[in-house]
Amino acid sequence: MAITINTNISSLIAQRNLHSATLSLNDAIERMTTGYKINRASDNAAGYSIANQWRIQLSSLDVAADNATTGSDLLTTAEETYSLLSSHIQRIRDLTEQASNGTYGSASLKAIKAEVLARLQEINRIGSNAEFNGIKLMDGKGVGANGLDLQVGLHNDVNSRINLSQSLFADASISGLFSTALEQVKKANSSVTELNSSLEDVAAACAGLMKSGSDYVLGGSTVLARDMLDYLDSAIDDISKRAMEIGAAQNRLESAITAIDVQSENLTSSLSTLRDADIAEESSAYIQSQILQQAAATLLATANQTPSIALNLL
């Protein structure tokens with residue numbers, strides 16, 4: 001090999017290898033400190049793109065799980081409210097059953113009527129005030145004709161949504177629950193046109209009383225207390241049906257949450273395989289690069305002295 005002064009090939013080779021070893025050392029340090037083997041697109045362009053897509057999907061799955069949980073909370077609120085309404089109607093039925101016995105005078109029936117009226121008013125109040133996050137749950141107007149759609153998936157399709165039927169949010173006022181009783185009440189009082197504004201007439205019917213002027217009296221009513229039992233049973237059945245539908249919807253949401261958890265777990269595992277660094281492997285690469293860097297630096301120092309040999313020839 002020729003001995004030259006202007007060009008030091010040995011030095012250039014050592015410099016190139018020192019640069020390569022330093023880059024490898026820096027890559028190993030970066031991967032161990034970040035925990036990722038893909039830190040930028042240049043590391044793995046395809047992997048970088050896929051990892052970003054999966055991270056976005058994982059974030060969206062977290063939101064979908066929150067959506068399903070919020071929907072479940074809404075249904076729980078509705079279910080507990082229906083349970084309260086059912087207890088009031090059950091008590092009204094007990095009082096109506098009591099009034100149907102025929103052993104109570106006018107004063108006792110008026111006392112029954114008073115309690116029935118108070119409970120009817122409370123049913124109306126509960127139904128009008130029941131809401132979740134600003135959504136009226138029991139006034140028949142809080143949701144649209146198609147009910148509520150819960151977004152529990154990643155995409156804009158029916159498989160990513162769970163629909164809560166509008167029937168779950170139907171009118172739960174006295175007018176809604178006793179709509180079939182209206183005609184019967186009107187037989188006793190033809191001026192009655194709407195139940196919500198005539199709760200006292202409904203209470204009187206449950207107590208077997210009829211309106212006479214400004215008072216309610218015993219006798220002569222075409223609507224007996226026992227006639228109201230069927231309508232009370234109908235209202236109880238209506239609430240039970242709504243509660244059953246809520247239970248079915250709750251089961252769907254619980255299944256959706258489980259499915260989201262499984263999907264999220266599998267996606268996280270795939271993302272880890274693609275992106276996470278193997279620290280054992282990277283530490284070995286670090287040691288190797290460190291040794292090569294030190295060797296290259298030592299040899300570079302030696303190579304830089306090679307041109308000085310030419311002085312011995314002068």
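Arg125 is partly exposed, at a relative accessible area of 43%. The model described here is predicted. Arg125 forms a salt bridge with Glu122, and their closest N and O atoms are 2.7 Å apart. Glu122 is also partly exposed, at 24% relative accessibility. Elsewhere, salt bridges with shared partners link Glu30, Arg40 and Asp43 into one network.

Helix H3 holds another such pair. Arg119 and Glu115 are joined by a salt bridge of 3.2 Å, N to O. Both residues lie in H3, four residues apart, or about one turn of the helix. Arg119 has a relative accessible area of 23% and is partly exposed. Glu115, at 26%, is partly exposed too.

The side chains of Lys110 and Asp215 meet at 3.3 Å, N to O. Lys110 belongs to helix H3 (residues 106-129) and Asp215 to strand S6, so this pair ties together parts 105 residues apart in sequence. Lys110 is partly exposed at 33% relative accessibility, and Asp215 is partly exposed at 34%. In the whole structure, the search finds twelve salt bridges.

Strand S6 (residues 215-218) pairs with strand S5 (residues 209-212). The two run antiparallel and are joined by four bridges. Met210 stands opposite Val217 in S6. S5 and S6 form a hairpin, with two residues between the strands. Gly213, in the turn, has a positive phi of about 70 degrees.

Other positions show contrasting surroundings. Glu282 lies in helix H8. Its relative accessibility is 6%, so Glu282 counts as buried, the cut-off being under 20%. Beyond its sequence neighbours up to four places away, Glu282 touches Ala28, Arg31, Met32 and Ala277. Ile309 lies in the segment after helix H8 (279-304). Ile309 is partly exposed, at 41%. Together with Ile3 and Leu313, Ile309 forms a nonpolar surface patch with about 300 Å² of accessible area. Ser60, in helix H2, is partly exposed at 33% relative accessibility. The C-alpha atoms of Ser60 and Gln290 are separated by 42 Å, and the two residues are 230 apart along the chain.

The mean pLDDT is 87, and 91% of residues reach 70 or more. Helix H2 (residues 45-99) has the highest confidence, at a mean of 94. Helix H5 (residues 182-188) has the lowest, at 60. Where pLDDT is low, predicted coordinates should not be read in detail.

Technical notes
Residues numbered from 1 in each chain as written. Predicted model: local features only at pLDDT ≥ 70, side-chain atom pairs only at ≥ 80, totals over all residues. Heavy atoms only, no water. Pairing = 2+ DSSP bridges. Patch = residues over 30% accessible without salt bridge, like charges linked within 9 Å, V, L, I, M, F, W, Y side chains within 5 Å. Areas by Shrake-Rupley, 256 points an atom, 1.4 Å probe, with all protein chains shown as cover. Salt bridge = Lys/Arg side-chain N within 4 Å of Asp/Glu carboxyl O. Buried < 20%, exposed > 50% of the residue type's maximum accessible area, 1.4 Å probe, protein only. pLDDT = per-residue confidence, 0-100. Contact = heavy atoms within 4.5 Å.
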